[in-house]
Amino acid sequence: MITKRAEQVIARCLRLASFSEDADSTRRTFLSPPTHDCHCEIARWAGPLGIKVRIDAAGNLRGVYPAAQPNAPTFLIGSHLDTVPNAGAYDGILGVVLAVTLLEELKGRRLPFAIEILGFSEEEGVRFGTPFIGSRALVGRLDQQLLNIRDARGVSVLKAIKDFGLSPEEIPQAELENDALGYLEFHIEQGPVLESLDQPLAAVEAIAGQSRMEFTFSGRSNHAGTTPMHLRRDAVAAAAEWIGTVERVAHEISGLVATVGKIGVKPGAANVIAAEAQLTLDVRHSSDDIRTRAVADLIDHAQGIAQRRGLSVRHDTMLSQHAVALDPFLKGEIEKAILKAGCKPHRMVSGAGHDAMILAERVPSAMIFLRTPGGISHDPAETVLVEDVEKAIQCGLHLLDRLATLPEFHKKRAAKG
């Protein structure tokens, strides 16, 4: 069943996608001017619900829907407002819009807990090369080292915050209170699994750990026409052999994904044997043990290939992010809500990073994935099905109703904080 509320969610996502740094595509990085437009638009939707939106010192949009009684704990629902370059209209934004929609659908009814809408200022890592600036503030990890990082124009995170009209000295006030019950994030899957299963929704079981590395094969440049094949020290040939090994190893280990996404060659001339090949490696798995063993294996393979070919190879670790298991209680309640919405429950691991993995450091956290047609994300062709959005709304309302009836959730869990 398609409803006006689901159509409105899609229309709102498209509206927010129009707030962009680029004229012909969507790009909205940390605290860029279009971020302010998003804040104003969401505040306009939230106003009739009695929600006064504020912007914390890290640029996160926050608005609280009051509980039935004062001094009640708070349940958090949201996602991020920033985008990649040439983005689609739903990554991140959909989770914020759905949060507003769920509160609209309560039609003034108050629950035993307050609900805080969160629109994180930064998750993608585009402007400063470091992700999760917004959610790090909520768990107390927006430190001076991160604030000093600079973008391509030499502007630091600290200065970007000041330029947006915010006060960096108030960053500690953005940290979550101890009464937070949990965090829920709706997000498009960004992959083809749900579509292949013909399922609209899934409960996210865990967020995969990530290793990001750089490898450099070093050989010797020489003339492409005069150097016999057996006397070459070709860095590109070594890199190509290793890339094939990366793919083979990933196929052999269930659940592992490994990607060489960027290659640079020096000197980079058609008639010169390459002296150097620089490559990136991205390895992900829900088990940190499996991931780290796979990375060690790939390092060994790179060293073996280099030695056999008379080259050298070095590697540098750029990121090692541990896997995050999401909250078992909330996962179970989400599955019940998915079933009540008329869908078959399904659990899956997220291969992409999300703000939920940061919030999980402080509060029980959970995610609900929506099917991504074609598995396309981070692209203007990214989309959602209106009927899936309707199912997500139903699921969210069932979940809130269920949590409201469980004193062990909104009382005992608050005590855990």
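In helix 10, the residues Phe329, Leu330, Glu333, Ile334, Lys336, Ala337, Ile338 and Lys340 meet Cys395, His398, Leu399, Arg402 and Leu403 of helix 12. Sorted by class, the residues of this contact of helix 10 with helix 12 are eight nonpolar, one polar and four charged. The model is predicted.

Now take the geometry of that contact. Two packed helices are described by the angle between their axes and the distance between the axes. Helix 10 spans residues 328–340. Its axis and that of helix 12 are 8 Å apart, and the two helices pack at an angle of about 125°. That angle makes helix 10 oblique to helix 12. The crossing of the two is right-handed.

Helix 12 has another partner to consider. Helix 12 covers residues 386–404, and helix 3 covers residues 93–105. The axes of helix 3 and helix 12 come within 10 Å and cross at roughly 60°. Helix 3 is therefore oblique to helix 12. Helix 3 passes helix 12 in a right-handed crossing. From helix 3, the contact uses Leu98, Thr101, Leu102 and Glu105. From helix 12, it uses Val389, Ala392, Ile393, Gly396, Leu397 and Leu400. Seven of the residues in the contact of helix 3 with helix 12 are nonpolar, two are polar and one is charged.

Next, move to helix 1 and helix 2. Helix 1 runs over residues 4–17, and helix 2 over residues 33–46. Their axes come within 10 Å and cross at roughly 155°. How do helix 1 and helix 2 lie to each other, roughly parallel or roughly antiparallel? Helix 1 and helix 2 are roughly antiparallel, because an angle over 145 degrees counts as such. The crossing of helix 1 and helix 2 is right-handed. Helix 1 brings Arg12, Arg15 and Leu16 to the contact, while helix 2 brings Cys38, Glu41, Ile42 and Trp45. Four residues of the contact of helix 1 with helix 2 are nonpolar, none is polar and three are charged.

How many cavities of 30 Å³ or more does the structure hold? It holds one. The largest cavity has a volume of about 30 Å³. Which residues line the largest cavity? They are Cys13, Ala17, Arg28, Thr83, Gly88, Ala89, Tyr90, Asp91 and Ile93. By class, that lining has five nonpolar, two polar and two charged residues.

A pocket can be examined in the same way. The second largest pocket has a volume of about 320 Å³. Its lining comprises 17 residues. Of these, Glu21, Thr29, Arg127, Asp151 and Arg153 lie nearest the centre of the pocket. The lining of the second largest pocket divides into eight nonpolar, three polar and six charged residues.

Finally, two backbone details in loops. Which residues does a cis peptide bond join? The bond joins Lys266 and Pro267, with omega at about 5°. Pro267 sits in the loop between strand 10 (263–266) and strand 11 (272–273). The other detail is at Asn71. This residue has a positive phi of about 65°, although Asn71 is not a glycine. Asn71 lies in the loop between strand 2 (61–65) and strand 3 (74–80).

To recap, helix 12 meets helix 10 through residues including Cys395 and His398, and it meets helix 3 through residues including Val389 and Ala392. Helix 10 is oblique to helix 12, and helix 3 is oblique to helix 12 too. Helix 1 and helix 2 are roughly antiparallel.

Key:
Residues numbered from 1 in each chain as written. Predicted model: local features only at pLDDT ≥ 70, side-chain atom pairs only at ≥ 80, totals over all residues. Heavy atoms only, no water. Axes fitted to C-alpha atoms, helices over the stretch in contact; angles between N-to-C directions. Helix = DSSP H or I, 4+ residues; strand = E, 2+ residues; numbered from the N terminus. Parallel < 35°, antiparallel > 145°, perpendicular 65-115°, else oblique. Left-handed = near helix turned anticlockwise from the far one by under 90°. Contact = heavy atoms within 4.5 Å. Nonpolar A, V, L, I, M, F, W, Y, C, P; charged D, E, K, R; others polar. 1 Å grid on protein atoms, 1.4 Å probe; cavity = no way out; pocket = protein on both sides within 12 Å on 5 of 7 lines; lining within 4 Å. Points joined across faces, edges and corners; volume = space filled by probe spheres on them.
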